[in-house]
Amino acid sequence: MHELSLATDVINLVTEEAKKNGVSLVREILIEVGDLSGVEADAFQWALELLIKETILKDAEVRLLRTPGTGFCKACEREFEMRNRLDICPRCGSFPSEIRGGQEFRVVSMTGE
Ligand SMILES: [Zn+2]
């Protein structure tokens, strides 16, 4: 499953950062998951909580920050909410010229001691 390998990557990244900063126990991590990032947030959280058990993240509170998808139509010059990458402009029906939000997938912050 895609989310399992993503969770492994996040754990490796956070573990490395923690070591660099002399952190031995991570208390909280905040991860931004855009609705158009292709990551299923619930599955990702489940995978992460499963995999952190043997790591320095084992007691960490996992927080996900969901960002909504936003498309921009150049014809109408307006932004609109996208639930799906293939959503069209609700006003004129054309494909959005740009995706302006919701593609993020990143570790925003972590705290530890
Ligand atoms: Zn439009």
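## Exercises: a zinc site and some rings

In this predicted model, the zinc ion takes its protein donors from the SG atoms of Cys 73, Cys 76, Cys 89 and Cys 92, which lie 2.3 to 2.4 Å from it.

**Exercise 1.** Work out which geometry the site of the zinc ion has.

*Solution.* Start with the angles among the four donor atoms: they run from 103 to 113°. Four donors count as tetrahedral if all angles lie between 85 and 135 degrees, so the site is tetrahedral. For reference, the ideal angle for four tetrahedral donors is 109.5 degrees.

**Exercise 2.** Classify the structure's one aromatic pair.

*Solution.* Grab the rings of Phe 44 and Phe 105: their centres are 5.3 Å apart and their planes meet at 85°. Planes over 60 degrees apart count as edge-to-face, so that's the label for this pair. Next, locate the partners: Phe 44 is in helix 2 (residues 41-51) and Phe 105 in strand 6 (residues 105-112), so the pair ties together parts 61 residues apart in sequence. Finally, Phe 44 is buried, at 0% relative accessible area, whereas Phe 105 is partly exposed, at 28%.

**Exercise 3.** Which residue lies over the face of Phe 72?

*Solution.* Look for a charge over the ring: Arg 100 is there, 3.7 Å from the ring centre.

Technical notes. Residues numbered from 1 in each chain as written. Predicted model: local features only at pLDDT ≥ 70, side-chain atom pairs only at ≥ 80, totals over all residues. Heavy atoms only, no water. Phe/Tyr/Trp six-rings, centres within 6.5 Å; stacked < 30°, edge-to-face > 60°. Helix = DSSP H or I, 4+ residues; strand = E, 2+ residues; numbered from the N terminus. Buried < 20%, exposed > 50% of the residue type's maximum accessible area, 1.4 Å probe, protein only. Lys NZ or Arg CZ within 6 Å of the ring centre and 35° of its normal. Donors = N, O, S within 2.8 Å, 3.2 Å for Na, K, Ca; no water. Tetrahedral: all angles 85-135°; square planar, octahedral: opposite > 155°, others 65-115°.
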